[in-house]
Amino acid sequence: MPLVTAPLSLIWGTVAVTRAWLYDHGVLASQGFGVPVICVGNLAVGGTGKTPHVEYLLRLLHQNGYSVAMLSRGYGRHTKGYILADAARHGAADIGDEPYQILHNCPFATVAVCEKRVYGIAQLLKLSTPPDVIVLDDAYQHRQVRAGLNILLTCANRLYTHDHLLPWGRLREPARAARRAQLIVVTKCAENERPPLSVAQGQRLFYSQVRYGVLQRLDGSNVEPDDLASKRVLLVAGIANPAPLKQYLAQMGAEVTLAEFRDHHTFTPADAKWLSRLWHTNNCQLAVTTQKDVERLRQIAHSLPQPLVDSLLVQPIVVDIEPARTDDKLFNQTILDYVRAN
C-alpha cells in the first residue's frame with residue numbers, strides 16, 4: 001500500500017510546503033488580534049486528545065481570573081457560519097460534538113463555531129463583554145489567524161516524527177511544520193511513559209496522560225467504581241481509539257462488549273438495531289459511552305432498549321500535563337506567563 005500511495009503523498013507534501021512558504025514569506029496574509037490567542041492543534045488527522053487539552057486550558061485560565069472563549073470549526077455539525085453557542089438552544093448537530101462537550105463541561109466559557117476563524121474571532125471581540133483570551137481548537141493549519149501561542153499535540157504511540165504525509169500516513173503537513181509551535185505536548189502517554197522527541201531550540205516539550213473521571217449517570221449523579229465490578233457492560237464509542245477506555249473499564253472489573261464507530265459518527269436507526277442486538281445477545285446490564293458521543297446517542301434513544309437507556313453512564317476524560325524535564329517551567333506557568341505578557 002505505501003508504494004501505491006507514496007506518489008500521492010509527494011503531491012500532498014508539495015502543496016503543503018508551498019502553502020507554508022507563502023504564509024511564511026507574507027504572500028498569504030495572517031491576521032493578529034489585540035487579545036492573547038492560543039491555538040491547539042496537531043499535524044496528524046485523527047484523535048490526539050485536543051478536546052480535553054482545550055478544556056484544561058479553559059479551566060486554567062478561568063481559575064486565574066480570565067474570561068475565556070473557545071472557537072472551533074465545529075466539525076460534523078449540520079449548520080454553517082458563525083454560531084455563538086447557547087446550551088439551551090444548541091445541540092451537537094448545531095455546533096459539533098466537541099464544542100457541545102466543551103459548552104457543557106466549561107459553562108463559564110464562551111463557545112462559538114465558525115469555519116472562518118478570522119471572522120469568528122472578530123465576532124467574539126464584538127460581544128458586549130469580549131473575552132480576555134481566545135482558545136482555538138484544531139487550528140494549527142488555519143494560518144489566516146496569527147496565534148500568539150501555538151500548542152502542538154502528538155500521540156505517544158505515533159509521534160509525528162514516525163509518520164508520513166497523507167494518504168500514505170496521517171500527516172496533514174510535513175513533520176518540520178512542528179517548528180511553528182512554541183509548546184509540544186506528547187499525549188496519551190501510559191504511566192511513566194516518556195517517548196523521546198527532539199524539539200527545536202526555544203520550544204518546550206511536555207507529556208500528558210489521560211485520566212478517567214468518575215462515571216456519571218445522565219442526571220449528573222456519580223457512579224461508584226465498584227458498581228461496575230462483574231457487570232456486563234456495552235461500551236458505545238465513536239472516538240478515534242476506544243481501546244484504552246475498554247481496558248480501563250475491564251480493569252474496574254467489567255466484562256466489556258465494544259460497539260465501535262468511526263470518530264464523530266452520527267448514529268442511525270440501523271445503529272440502534274445493532275446496539276439492541278448486542279445488548280440482548282451479550283445480556284448486558286450497563287451501557288457506557290463518552291461525553292463526545294452521548295448527545296448524538298440521545299438522538300436514537302427512542303429506538304434503543306429502555307434498560308440500555310436507563311443504565312447509560314457517561315465517562316468524563318481529563319488530562320494531566322508534566323514537563324519533559326524536572327527543572328523546566330510547568331505547563332500552567334508557561335501558559336499564564338504568555339497571557340500576562342500579551
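## Helix packing and a covered strand

Visitor: How do the axes of helix H2 and H4 lie, roughly parallel or roughly perpendicular?
Guide: This is a predicted model, and in it the axes of helix H2 (residues 50-63) and H4 come within 10 Å and cross at roughly 30°. Angles under 35 degrees count as roughly parallel. So H2 and H4 are roughly parallel.

Visitor: Which residues of H4 meet H2?
Guide: From the H2 side come Thr51, Val54, Glu55, Leu58 and Arg59. The residues of this contact split into three nonpolar, three polar and three charged. Facing H2, the H4 residues are Glu98, Gln101, Ile102 and Asn105.

Visitor: And H4 against H8, roughly parallel or roughly perpendicular?
Guide: Helix H4 (residues 97-105) and helix H8 (residues 291-298) pack with their axes 8 Å apart, at an angle of about 105°. The range 65 to 115 degrees counts as roughly perpendicular. H4 is therefore, relative to H8, roughly perpendicular.

Visitor: How many residues of the contact of H4 with H8 are charged?
Guide: H4 brings Asp97, Glu98, Tyr100, Gln101 and Asn105, while H8 brings Gln291, Lys292, Glu295 and Arg296. Sorted by type, one is nonpolar and three are polar, and the charged ones number five.

Visitor: Over to strand E1: how many of its residues are buried?
Guide: Val37, Cys39 and Gly41 point one way, Ile38, Val40 and Asn42 the other, and all are buried. For E1 (residues 37-42) that count is six of six.

How values were computed
Residues numbered from 1 in each chain as written. Predicted model: local features only at pLDDT ≥ 70, side-chain atom pairs only at ≥ 80, totals over all residues. Heavy atoms only, no water. Axes fitted to C-alpha atoms, helices over the stretch in contact; angles between N-to-C directions. Helix = DSSP H or I, 4+ residues; strand = E, 2+ residues; numbered from the N terminus. Parallel < 35°, antiparallel > 145°, perpendicular 65-115°, else oblique. Contact = heavy atoms within 4.5 Å. Nonpolar A, V, L, I, M, F, W, Y, C, P; charged D, E, K, R; others polar. Buried < 20%, exposed > 50% of the residue type's maximum accessible area, 1.4 Å probe, protein only.
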